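Me: I am new to this structure and would be grateful for a close look at a single part of it. Please describe the open sheet and what surrounds it.

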Amino acid sequence: PHPVVIDCDPGTDDAIALLLALASPELEVRLVTAVGGNVGLGRTLANARAVVGLSGRAVPVMAGADRPIMGRFAAAAYVHGEDGLGGVALPEGPPAAPGLAADAIRALLRAAVPCSVTLIGIGPATNLGLALATEPALAAQVREIVLMTGAVGEGNVTPAAEFNAWNDPEALAILLQSGCPVTLATLETTAQALCTPARVAALRAQGGGAPLRAACEIMARVPPSARLGGAGHPEHDACAVAWAVAPHLFTTRDVHAGVELAGPSRGRTNIARFRLPGPANARLLEKLDAEGFFALLGERLAALP
Ligand code: BDR
Ligand code: CA
């Protein structure tokens with residue numbers, strides 16, 4: 001297993017992604033950090049603690065930034081509920097570890113061997129961006145940064161911007177320019193991980209313990225996505241984790257990715273798939289084997305006691 005940091009804003013789909021990571025022997029989750037995003041930092045931190053507690057794994061959970069590096073911040077309670085978990089009450093998790101996310105991420109990278117640590121970002125990129133901006137040489141310790149962020153086409157917050165990119169484009173720009181290998185699960189990737197009532201029923205039928213039951217409960221509370229025709233909702237964040245766990249589920253393409261910082265298109269990711277405006281700086285997750293993805297989710301979550 002390789003060492004992993006998960007930076008998240010749970011968030012219904014973040015909760016599923018966290019459980020998948022914590023249940024997967026391919027990953028050694030060393031630290032979970034919370035950032036303000038889908039709901040405020042107080043809630044995302046409490047939810048991250050609760051999900052880690054639910055998994056039964058002993059992993060430190062730490063608070064990070066409660067706002068983006070610059071600019072405005074918008075929550076998404078209209079998708080995730082006021083509590084961030086669609087109203088599904090989980091038992092209180094372990095207390096937060098002392099310290100601040102960006103400092104802890106830097107310390108973990110400093111202590112690591114070169115090219116060894118995977119950073120998985122499934123919220124606004126503030127914590128990861130701050131960590132690498134303040135000690136850029138630590139990029140050498142990073143094996144890969146995997147982000148659920150951005151869109152090739154239309155956004156989901158503004159016509160131009162996807163939620164995580166829109167909420168901290170400066171932090172995303174820092175990561176895209178860090179020199180680290182970056183892998184992107186965009187809205188086009190995650191639209192393929194369509195969680196329908198039939199798929200939730202199939203997951204429920206697997207039995208499993210409290211984690212799988214809670215995951216199904218959470219999935220059932222997420223409103224269907226009008227953007228995707230109302231058949232279900234995308235399991236956005238678990239796509240990023242699935243790449244780290246089971247890369248054979250995806251096809252990929254080298255791209256050049258940037259992010260707009262100003263104007264009405266602030267937060268738009270510009271992803272060049274064909275004529276690259278320079279050397280590729282990212283890998284785009286293109287096609288997802290959706291059946292394989294949901295089979296993985298079921299198998300791993302059912303294995304948690
Ligand atoms: C992303 O935004 C959040 O609402 C989800 O948790 C996901 O990380 C999708 O645009
Ligand atoms: Ca998220």
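Reply:

**The open sheet**

Thr-33 stands opposite Met-62 in β3. Strand β2, residues 27-34, runs parallel to β3 and is joined to it by three bridges. Strands, here and below, are DSSP runs of E with at least two residues, and helices are runs of H or I with at least four, both numbered from the N terminus. Two strands pair if DSSP finds at least two bridges between them.

This is a predicted model, in which local features need pLDDT of at least 70 and side-chain atom pairs count only at pLDDT 80 or more, while totals for chains, interfaces and linings use all residues. Residues are numbered from 1 along each chain as its sequence is written, and chains are lettered from A and ligands numbered from 1 in the order in which they are written.

The open sheet has nine strands in the order β3-β2-β1-β4-β5-β6-β11-β9-β10, and its pairing is mixed. At its edges stand β3 (61-63) and β10 (269-272); each has a single partner strand, so one side of each is left without a neighbour in the sheet. On average, neighbouring strands of this sheet are turned by 30 degrees against each other, direction ignored.

Helix α1 lies across β1 (2-8) and β2, running at about 170 degrees to β1. Contact here requires C-beta atoms, placed from the backbone, within 7 Å; axes are lines fitted to C-alpha atoms, for helices over the stretch in contact, with angles from 0 to 180 degrees between N-to-C directions.

The protein as a whole contains 12 helices and 11 strands. Its C-alpha atoms fill a box of roughly 50 × 45 × 35 Å, taken along the principal axes.

Terms used
Two residues are in contact if their C-beta atoms, placed from the backbone, lie within 7 Å.
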